[in-house]
Each structure stands twice: as structure tokens, then as C-alpha cells.
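Please consult the sequence and the structure below while reading.

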Amino acid sequence: MSSYIDQKNGVFPSVCSLDCPDQCGLLVHKEDGKITKIEGDPNHPVTQGSICNKVRHMTNRLYDENRLQYPLKRIGKKGEGKFARISWDEAISEITSRWKKLIEDHGSESILPYSFYGNMGLITSEGMDRRFFNALGSSQLDRKICQSAGTKGYSYTMGGNIGVDPEDTVHAKLIIFWGINAVSTNMHQVMLAQKARKNGAKIVVIDVHKNQTGRLADWFIPIKPGTDGMLALGLMHIIFKENIVDEAFMQEHTIGHEQLREHVRQYSPEQTAEITGVPLEDLYELAELYGTSDSAFIRIGNGLQHHDNGGMATRAISCLPAVTGHWAKKGGGAIKSNSGFLAHNEDQLQRPDLLTDKNTRVINMNQIGDALLQTVDPVRSMFVYNSNPAIVAPSANKVREGLQRDDLFLVVHDLFLTETAKMADIVLPATSSYENTDFLASYWHHYVQLQQPVIEPFGEAKSNTDVFRLLAAEMGITNEAFTATDEELIQMSLNYEENPYISHITFEGLKEHQFMKADLNLALLENLPTASGKIELYSEKMIEDGYDPLPVYVPIKPDGDYEFMFIPGPNHNFLNSTFSNNDKHQKLEKEPKVHLNSADASRLHIEDGEMVKVWNDRGMCELKAAVGETVLPGVAVTQGLWSDQDGKIQLVNALTPDRLSDMGDGATFFSGRVNVSKMV
Ligand SMILES: Nc1nc2c(c(=O)[nH]1)N[C@H]1C(S)=C(S)[C@@H](COP(=O)(O)OP(=O)(O)OC[C@H]3O[C@@H](n4cnc5c(=O)[nH]c(N)nc54)[C@H](O)[C@@H]3O)O[C@H]1N2
Ligand SMILES: Nc1nc2c(c(=O)[nH]1)N[C@H]1C(S)=C(S)[C@@H](COP(=O)(O)OP(=O)(O)OC[C@H]3O[C@@H](n4cnc5c(=O)[nH]c(N)nc54)[C@H](O)[C@@H]3O)O[C@H]1N2
Ligand code: SF4
Ligand SMILES: [Mo]
């Protein structure tokens, strides 16, 4: 059979590669060699033919007039944005000669990769690149910008990233979206919740902002930012006191329930109401609703994780379904992330064995600003791909100052001249996922999916795997690791005896079926990867790691004497900063706004629709005020990681802290404080 690329016309199955839990099955329509339409694949068991607006307009991005077609070399001053076209040969030779010299003069750790999941394809995001930087012996990047706090907190209870099968959640009778803006960020979980609702389920949303998800709830519960751990503990207090626990379940499947019962006595409902802002009667009502529900499901989002105390908050919430036995009910339990079910052979794919010096320096991506400004053993070259740190990383003014350093040799591989790429010395054009071969594993549903190239590479664009093969060859790294084809990389990754859930999934199988589901015959509760094999309400491991063995409430850290908690989340029509530079998506989103409570606004004489200054000691933004009752007093919320547009001052990450969270060295985007004032 000829490949999809060879067929000029037709409709081809594919998968969305964006960093989104839904990982939709797609149908790509092609005419005369070009993609004309992207729609949902109705055969996909979970996403069932519906996709988001962002990807429905993907052709605008794929064929955007500003898409990069050739390698570029800086000719102006750093950051001025003046570039000249060069050939791939020149680009690769310039990069590798600079790197050889740096390694000779300063050692390989003077070079740093910086990447995340702009493309979730596994060989694209953690394949040849990891092999290359391991073999090079460069500094290593700790990729913890997303959900590492919660992952750690949840793992103490459950052992790993494992939760309910989302397809089962249609059977739940109570669905709690907790710190997740699911209408925008996990739309198919909303679709499943709507089905459950038709069967009588109630939808509760716990959030600091009554956004599109809050508006669809049967009951919206506003909470003060960073107090979710307290809410979970206060709920457990009531649940134990009212004896709406599931004793039999706790006996059989948990350890530490007696200690937990004693421990939560200290979190009184009165104190919980005071700290969280959730009224006393609502606390009792929620505890009752949750404790007595026939099957309750909690979808835990990133909102509560992006705080100083995000790890412990997630730890506390993850105890709720165990105390009440919801795990044993159809559709009940929780999902933080399900990536554990689809774990692939990372060692085979990433080849950590190629890194011979195991003490290589590690830099946390959340603190890239400080790392770039460090003067002792500075990072002298950075290679950025699958990410746009100038927009997405916290304390962005520091990040930009670092990126702009004259003595930093910056290379950026991307589809567009992003804000990060504008500061580069060499820019390399990247293919889109529709031009690549890859495999993808969702962190929410249970399907592994195949991506086969549908169109030819755009202009002279190259895939990540090809770029790192070229770099390895030119650096003189002659190792069989760099001759492996994309298909071989996929085969090696899927060959993973340690994960019985995917033992039947192969490259050939994926070619035949396009998507394959994890084998879930193993009962989750009988195979928990905790030390005890049970749900750990009390955790010895936490003691070893220096934490309290039981969930506790620790308030977020002080962050200056500013009036507002500042919550800069993502928005509906962008994906992090992806699409923020595309006309169509910008128009859909209109402009960045800051949501304020009307009491605060009137005190500060701010009118709805007026431009205001949002600031702290880290930076400043000018945003349009949206005044109303969607946030509590003392809270300021923005949506979207907007690109720089004609001199507008709208870089929300200029204001965010780069402290690390209590667990998992995660990001604390939402634990910052700001003042808001009228523009003068
Ligand atoms: N459309 C769209 N979809 C996306 C993305 C995108 O940018 N746009 N990004 C993707 C990525 S990488 C990720 S990680 C996910 C993230 O998606 P989500 O898990 O939804 O995370 P956020 O949108 O960061 O925050 C979720 C909600 O938490 C709220 N929140 C903030 N602080 C608190 C708090 O202290 N307590 C509570 N209870 N709520 C709080 C915010 O108001 C927001 O409504 O979405 C993915 N999908
Ligand atoms: N204020 C605030 N900041 C945040 C967040 C927040 O909620 N609030 N969310 C955080 C979270 S959860 C995350 S995950 C991060 C995400 O941050 P990033 O991972 O940086 O996400 P994007 O901004 O989407 O940038 C991805 C880039 O990869 C490029 N790309 C796509 N495909 C490919 C490819 O195949 N090859 C190459 N070389 N490049 C490609 C895209 O064009 C895009 O420029 O942002 C974090 N930043
Ligand atoms: S971004 Fe998410 S919802 Fe949209 S098509 Fe991709 S996977 Fe589906
Ligand atoms: Mo993320």
C-alpha cells in the first residue's frame, strides 16, 4: 500500500499531537497534496468525531504565511528579529562548529537543551533528542513545568499516574471538576459528564474563576486560591465524623485509615470555611453529597497544582475516593493523569546509558531565567524545540534577559518565528506532526495511536528526529542509536515487558488499527504500584522524602505586599502559546483580559472594559478589566499565554513566581500576588 503522502487526494486517519489530554482521533482531508480540512474521527471510541475549535482551524496554522520554511541566521542585533536565509548544511555546520569549540573550551555542560510537549509525539518529544543530548553529555533539563507537583502528591496515595477509565465515567452519579477548566482543556471529559448527567448525575465545579466550565455546573463552588488541600481535609473531617465512610473498602484496600481518621479531627469545618471561603453549610452539603453518592468521580486539574502547596493539595484530594470507597464503584474514583497505563520503554527510546557522566548538571526548566543569568559556569548555548520559553516560562522578564545575552549561542527549532526564536542566532524550520511518523499515548484516555505522515514537509522543514540525526552525524557521534529509523524507534518503545497493560500493542498492530486500547483486565486496586500494594492514606515513603506521612494543609508562601492573588491560566482558543500567533485564533480570543470582582473594581475606581495596569516587583502588564462576580474579591484571573503583539504589554508570565512547588519541583504560576491599578 502506498503511503498517505503519495496519495494526492483522500481522507486519512491521524491523531492530534497537541499537549491536550483528549488526544483526539482525526480525519485529515487532502486535496491536491494539501490538507484542506481536519475533523474528528467518528470511529475513535472516546473522542467520537468531535474536536475543538483550535484544531478545526488548524489548516490556517499549517499554511500560515508566517510559517518558517528555511533555516535562518541572525544578521541584526540579538532579538532585533533580522535574519538571513541559509542552507541546512550551513546551519548544521555553524551549530556543530560552535558546539565543538564550546565543549573544548568549557565542557559539554555549557550546552543546554530546552524542550517540552509542543508536539506530544513520543519520538519527537523524547526520542532522538534525548539520545543526542545524552551522548553529547550536555546539561540535562528537568522538565517540570506542567503537572509534576500533583503527580508526586497523587503517587504517594496511588503509586503512580493511574485512575479511572474515562469511558466509565458516564456511569458516575457525581462528577467534580476540581481545578480544571475542562470545557477548554478536556472537552471530551465534559462530553462524558453530560452523558452521565442525562442519567441523573450532578456536576460540581470547584474553581477560583466561574469560567465556561463553572457556568455549566449544577453547582459552582468558588474557592480561595491555593486552599484546596484544606477543603479536602475539611471534607474528610465531616465524612469521618458523619460516618459516611466506606469501612469495608478502607479495610480491604487502604493502609492508614485509622491514623487518617484521628488526624483529620483537627481540620474543623469552621476553620475550613474560614480558610477556603466555602461557607459552612456548603461544606456539609458537599461532604454529604460526595460521601453518599452512588458513584463519585473527581477530575483533578492543574489549577490547584500550580501552587506552592500543589503537591500536598493533590495528595489530600486523592484520599477522598478511598475514604468513601468510590474507587470500587463503576465510574467512581479520580483521574489526575492516566499516563501510567500507557508507559512505554523509556530506556530503549531515550538511551540514558549514552550519558556516561551520571553527575551531569540538571537545570529545572521552571528556573530557566536564573539559569541563563548565572555567571559561574554559565549556560553558553541553548537549543530550544517543542517549547516557547519566552512566553510560557515563569518570571519571564528574567527569562528574556537571559535569552538576550550576547554571549549565549541560541538555536531554536520551531514552526514559527516565536518570541524565543526571535532572540536566536540560528532558527531551524520544524515540520508539523502531519508531516511526521510517530506514536502517541494519551495521559487521560487509554489509547495508543499512530501518526503517519499525510503531507510532504513544508518548505525545507525537518522533523525533530531528523534534526538530531544530522547533528549527531556532524558532531561525529557515530553510534547505532542515531541510525535507527522512526519506525524502529516506535518498535523499541513499545517493546516493554514491564508494562502488561500494553503488551499487545505493536507498531504493526497500530498500522492496522490506528489506535489500540490498554489491556485493562488487570484490576486496578489489585495491582497498585505503592510499596504496600494498597492505597496509602498513611505513607512511609513520604516520611523518607521529608514530608508528613498524612495529608496536611500548608498555606501558600507570602509573595509580597500586593492586594490580589494572580491566576494566569490558559485560554480556550490557544494551546499554551501555540496558536497565539495565528490570526484566526487571535480573532476568536479577541484580547487578553483581567477578571476582577466588582467590589474590588469599585474600590479602585476601575470600570468594566477599562485598561488597567497589573504589576508587582517582577513586572507589569496592561490588560482590559472584566469586572463582575466571576472571581472572589482579592483574586485577579487572566486567560491565555498571548504572543507579543505590536508593542502591547501583555506578557502575563512577567508577573509569575519561579519558586518551586512543595513536591516534584513543579511550577507555581498561580501562587503570585499583584496589584491592579488604573492607568494614569
Ligand atoms: N484550550 C486549551 N486546552 C489546553 C491547554 C491550553 O492552553 N488551552 N493547555 C493544555 C495543558 S499543557 C494543560 S497542563 C492542561 C491544563 O488544563 P487544566 O487542568 O484545566 O488547568 P488550568 O487551565 O491551568 O487551570 C484549571 C482551572 O483551575 C483554576 N484554578 C487556579 N487556581 C486554582 C486553585 O487554587 N484552586 C482551584 N480549585 N482552582 C484553581 C483556574 O481558574 C482554571 O479554571 O490543559 C491542556 N489543554
Ligand atoms: N502563566 C502560565 N504559564 C504557563 C501555564 C499556565 O497555565 N500559566 N501552563 C504551563 C504548562 S502546563 C505548560 S505544559 C507549558 C507549555 O509550554 P510549551 O511547551 O512551551 O508550549 P507552547 O507554548 O505551546 O509551545 C510549544 C512550541 O513548540 C512548537 N512545536 C510544535 N511542534 C513542534 C515540533 O514537532 N518540533 C519543534 N521543534 N517544535 C514544535 C510550537 O510551534 C510552539 O512554539 O506552559 C506553562 N506556562
Ligand atoms: S487540542 Fe485536544 S481537543 Fe483539540 S483536537 Fe487536539 S486533542 Fe482534541
Ligand atoms: Mo501543561
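Glutamine 23 is found in the loop that connects β1 (10–15) with β2 (25–31); helices (H or I, at least four residues) and strands (E, at least two) are DSSP runs, numbered from the N terminus. The model is predicted: local features need pLDDT of at least 70 and side-chain atom pairs count only at pLDDT 80 or more, whereas totals for chains, interfaces and linings use all residues. Residues are numbered from 1 along each chain as its sequence is written, chains are lettered from A and ligands numbered from 1 in the order in which they are written, and side-chain values use heavy atoms, with hydrogens and water left out.

**Loop residues**

Although glutamine 23 is not a glycine, its phi is positive, at about 35°. Most residues other than glycine have a negative phi. With a relative accessible area of 1%, glutamine 23 is buried; buried means under 20% relative accessible area, exposed over 50%, and partly exposed in between (1.4 Å probe, protein chains only). Asparagine 243 also belongs to a loop, the one between α10 (228–241) and α11 (247–253). Its phi is positive too, near 55°, in a residue other than glycine.

Lysine 422 lies in the loop between β16 (409–414) and β17 (426–429). Its relative accessibility of 32% places lysine 422 among partly exposed residues. Leaving aside residues up to four places away in sequence, lysine 422 touches Gly79, Gly81, Phe83 and Leu417, where contact means heavy atoms within 4.5 Å. Lysine 422 and tyrosine 70 are separated by 352 residues in sequence, while their C-alpha atoms are 15 Å apart in space.

How many of the 11 residues of helix α6 (residues 148–158) are buried? The number is 8, so α6 is largely enclosed by the rest of the structure. These buried residues are Ser148, Ala149, Gly150, Gly153, Tyr154, Tyr156, Thr157 and Met158. Their cover includes β12 (296–300), α15 (310–317), β13 (333–335), β21 (535–536) and α24 (540–544).

The helix α6 is followed by glycine 159, which has a positive phi near 95°. Glycine 159 sits in the loop between α6 and β8 (174–178) and is partly exposed, with a relative accessible area of 24%. Not counting residues up to four places away in sequence, glycine 159 touches Tyr154, Pro529 and Thr530. From glycine 159 to arginine 131 there are 28 residues in sequence and 28 Å in space, C-alpha to C-alpha.

**Helix pairs**

| Helix pair | Axes come within | Crossing angle |
|---|---|---|
| α5 (residues 128–136) and α21 (residues 464–475) | 8 Å | roughly 25° |
| α6 and α15 | 7 Å | roughly 35° |
| α13 (residues 269–276) and α14 (residues 280–292) | 9 Å | roughly 110° |

The crossing of α6 and α15 is right-handed; a crossing is left-handed if the near helix is turned anticlockwise from the far one by less than a right angle, and right-handed if clockwise. On the α6 side the contact is made by Ala149, Gly150, Gly153, Tyr154, Tyr156 and Thr157, and on the α15 side by Gly310, Gly311, Thr314 and Arg315. This contact has 3 nonpolar, 6 polar and 1 charged residues. Here Ala, Val, Leu, Ile, Met, Phe, Trp, Tyr, Cys and Pro count as nonpolar, Asp, Glu, Lys and Arg as charged, and the others, Gly among them, as polar.

The crossing of α5 and α21 is left-handed. Met128, Asp129, Phe132, Phe133 and Leu136 of α5 make the contact with Thr465, Phe468, Arg469, Leu471, Ala472 and Met475 of α21. The residues of this contact comprise 8 nonpolar, 1 polar and 2 charged.

**The protein as a whole**

The protein has 26 helices and 27 strands. Along the principal axes, its C-alpha atoms fill a box of roughly 70 × 65 × 50 Å. Of its 680 residues, 62% are buried. Among contacts between residues at least 6 apart in sequence, 76% join residues at least 24 apart.

Note on methods: Axes are lines fitted to C-alpha atoms, for helices over the stretch in contact, and angles run from 0 to 180 degrees between N-to-C directions.
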